Amino acid sequence: MASILFQITLPLVLALFHFVGPIPTDLSAEGGQLSACPGPEHCASSQWRVADSSTALKQLSQQINDTPRTEIIEQSATYLHATYSSRIFGFVDDLELFASDSVTLEARSISRLGESDLGVNAQRLEGLGKTIETSEA
């Protein structure tokens with residue numbers, strides 16, 4: 001009985017502490033592109049060819065804004081930085097989008113804490129990529 005009670009209460013107690021972690025220092029589109037991922041274990045990146053990168057960025061901005069537990073931190077005509085918080089423990093991931101030219105939209109999603117994100121960042125980018133109209137390269 002005590003074991004079951006512990007299994008139920010531990011996640012609830014941990015959820016109260018929300019594991020945020022430090023903001024990555026390499027956020028932004030310095031040099032005309034997003035930073036490379038330090039490794040695939042907790043970061044994913046994509047590059048999409050689109051009909052119009054400004055339109056695609058606006059479309060994704062609206063979708064991100066409508067997503068629960070997200071917050072747009074910074075936004076300009078060519079760049080967007082948003083955070084996603086996990087439902088139970090409040091782990092924070094940073095998402096960046098950058099319109100590097102008129103037909104290219106770069107994306108990077110990186111976890112702030114942990115050695116592995118269990119594929120969450122890659123799934124996030126895959127889902128976002130499916131919602132924008134891409135053109136054949």
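Strand β2 (residues 70-75) pairs with β3 in the antiparallel sense, over five bridges. Strands count as paired if DSSP finds at least two bridges between them. Helices (H or I, at least four residues) and strands (E, at least two) are DSSP runs, numbered from the N terminus. This is a predicted model, in which local features need pLDDT of at least 70, side-chain atom pairs count only at pLDDT 80 or more, and totals for chains, interfaces and linings use all residues. Residues are numbered from 1 along each chain as its sequence is written, and side-chain values use heavy atoms, with hydrogens and water left out.

## Strand β3 and its partners

A hairpin of three residues connects β2 to β3. Across this pairing, Q75 stands opposite L80 of β3. On to β4: β3 and β4 also run antiparallel, joined by seven bridges. Here A82 has L95 of β4 as its bridge partner. The hairpin of β3 and β4 has six residues between the strands, and G90 in it takes a positive phi near 75 degrees.

Is β3 mostly covered or mostly open? It is mostly covered, with six of its seven residues buried. Buried means under 20% relative accessible area, exposed means over 50%, and partly exposed lies in between (1.4 Å probe, protein chains only).

## The nonpolar core

In soluble globular proteins, nonpolar side chains tend to be buried together. A nonpolar core here is a set of buried Ala, Val, Leu, Ile, Met, Phe, Trp, Tyr and Cys residues joined through side-chain atoms within 4.5 Å. The largest such core has 18 residues, and W48, I64, L97, L105 and L128 touch the most other members. At least two residues each come from β1 (43-49), α2 (53-65), β3 (79-85), β4 (92-101), β5 (104-111) and α3 (120-131). Helix α2 gives the largest share, four residues.

L97 shows how these parts meet. Leaving out residues up to four places away in sequence, L97 touches W48, L57, L60, I64, T78, Y79, L80, E106 and A107. Contact means heavy atoms within 4.5 Å.

## Polar side chains around D93

R124 sits in helix α3. R124 is buried, at 15% relative accessible area. Its side chain makes a polar contact with the side chain of D93 (3.2 Å). A polar contact is a pair of N or O atoms within 3.5 Å; within protein, one must be able to donate a hydrogen and the other to accept it, and residues adjacent in sequence count only if both atoms are side-chain atoms. Beyond its neighbours within four places in sequence, R124 is in contact with Y84, D93 and S109.

S111 belongs to strand β5. S111 is buried too, with a relative accessible area of 7%. The S111 side chain makes a polar contact with the side chain of D93 (3.0 Å). Apart from residues up to four places away in sequence, S111 touches H42, V92, D93, D117 and N121. Y84 is 27 residues from S111 in sequence and 9.3 Å away, C-alpha to C-alpha.

## Salt bridges

How many salt bridges are there? The count comes to five. A salt bridge is a side-chain nitrogen of Lys or Arg within 4 Å of a carboxyl oxygen of Asp or Glu. Three of them are tabulated.

| Pair | N to O distance |
|---|---|
| R108 and D26 | 2.9 Å |
| D94 and R112 | 2.7 Å |
| K130 and E126 | 3.3 Å |

R108 forms its salt bridge with D26. R108 lies in strand β5 and D26 in the loop between α1 (2-15) and β1, so the pair ties together parts that are 82 residues apart in sequence. R108 is buried at 1% relative accessibility, while D26 is partly exposed at 28%.

D94 and R112 meet in a salt bridge. This pair links distant parts of the chain, with D94 in strand β4 and R112 in the loop between β5 and α3, 18 residues apart. D94 is buried at 0% relative accessibility, and R112 is buried at 16%.

K130 and E126 both lie in helix α3, four residues apart, about one turn of the helix. K130 is exposed at 65% relative accessibility; E126 is partly exposed at 48%. Salt bridges with shared partners join D26, E96 and R108 into one network.

## The disulfide

A search of the whole structure finds one disulfide, a pair of cysteine sulfur atoms within 2.5 Å. The disulfide joins C37 to C43, with 2.1 Å from S to S. The link is left-handed, at -65 degrees about the S-S bond. C37 is partly exposed, with 25% relative accessible area, whereas C43 is buried at 5%.
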